[in-house]
Amino acid sequence: MSVKKVNDSHIGGILVVNQSGLPIEFKYTDPVIPTQLQKILYGKSLVTYLHTEIIGKLLLKKLENKPSIVLVDDLELIQVGERVYFASQYASSMPENDHLEPDECVIPLHGQNAVRIVSGKRIEDNEIEELKKIAQDLDILEPFQRLQKALEYVCAS
């Protein structure tokens with residue numbers, strides 16, 4: 001799942017893929033343009049409110065094929081539901097030497113790359129194993145690139 005601000009509007013999309021990375025379902029929201037009154041009332045919390053409460057939760061609700069794990073590319077989006085994880089490229093070449101919090105883990109990918117996963121709560125061992133199993137067959141960051149292009153296409157249409 002990804003939610004982006006494009007000019008003055010906010011748009012979100014979710015791409016459900018199978019173990020091979022083939023798309024099963026794609027949902028997106030219409031662009032949301034906050035009113036001036038909303039900007040005044042919500043202040044600095046407007047973007048978080050729009051991205052999590054309005055767009056993110058709506059996308060999860062609209063899904064017909066409920067995934068066991070939802071990966072997001074914005075840390076704030078982990079608030080939208082259970083088993084929602086923030087995924088990002090892991091920068092360290094020696095993850096075993098880094099201190100990780102109970103709500104994060106590092107999943108190795110093919111080659112030298114790794115993905116940092118963050119949850120809003122302690123990540124249990126069975127969740128880590130499930131994430132590792134998914135990462136064996138799939139570059140779990142790659143679908144975000146497709147999702148970004150799809151959202152850009154929707155905005156341009």
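1. A polar contact of 2.9 Å joins the side chains of Ser2 and Asp73. This is a predicted model, so read each distance here as a computed value. Ser2 sits in strand 1, which covers residues 2-6.

2. Ser2 is buried, because its relative accessible area is 1% and the cut-off for buried is under 20%. Leaving out residues up to four places away in sequence, Ser2 touches Ile11, Gly12, Gly13, Asp73, Leu147 and Leu151.

3. His10 belongs to strand 2, residues 9-17. The side chain of His10 makes a polar contact with the side chain of His51, at 2.8 Å. Check this pair in the viewer.

4. Is His10 buried or exposed? His10 is buried: its relative accessible area is 2%, and buried means under 20%. The neighbours of His10, not counting residues up to four places away in sequence, are Lys4, Lys5, Asp30, Pro31, Val32, Pro34, Val47, Leu50, His51 and Ile55. His51, the polar partner, is one of these contacts.

5. Ile78 is in a loop. That loop runs between strand 4 (70-72) and strand 5 (84-89). Ile78 still counts as buried, because its relative accessibility is 16% and the limit is under 20%.

6. What does Ile78 touch, not counting residues up to four places away in sequence? The contacts are Val72, Val84, Tyr85, Phe86, Val118, Ser119 and Gly120. Among them, Val72 falls within strand 4 (70-72), and Val84, Tyr85 and Phe86 fall within strand 5 (84-89). Thr52 is 26 residues from Ile78 along the chain, and the two C-alpha atoms are separated by 8.4 Å.

7. Now the largest pocket. Its volume is about 610 Å³. The lining has 22 residues, and those closest to the pocket centre are Val17, Pro67, Ile69, Ile134 and Leu138.

8. Which elements each supply at least two residues of the lining of the largest pocket? They are strand 2, strand 4, helix 3 (125-137) and helix 4 (142-156). Strand 2 is also where His10 is placed.

9. How do the lining residues of the largest pocket divide by type? There are 16 nonpolar, three polar and three charged residues. The five central residues named above, Val17, Pro67, Ile69, Ile134 and Leu138, are of types that count as nonpolar.

Conventions:
Residues numbered from 1 in each chain as written. Predicted model: local features only at pLDDT ≥ 70, side-chain atom pairs only at ≥ 80, totals over all residues. Heavy atoms only, no water. Helix = DSSP H or I, 4+ residues; strand = E, 2+ residues; numbered from the N terminus. Buried < 20%, exposed > 50% of the residue type's maximum accessible area, 1.4 Å probe, protein only. Polar contact = N/O pair within 3.5 Å; in protein donor to acceptor, adjacent residues only side chain to side chain. Contact = heavy atoms within 4.5 Å. 1 Å grid on protein atoms, 1.4 Å probe; cavity = no way out; pocket = protein on both sides within 12 Å on 5 of 7 lines; lining within 4 Å. Points joined across faces, edges and corners; volume = space filled by probe spheres on them.
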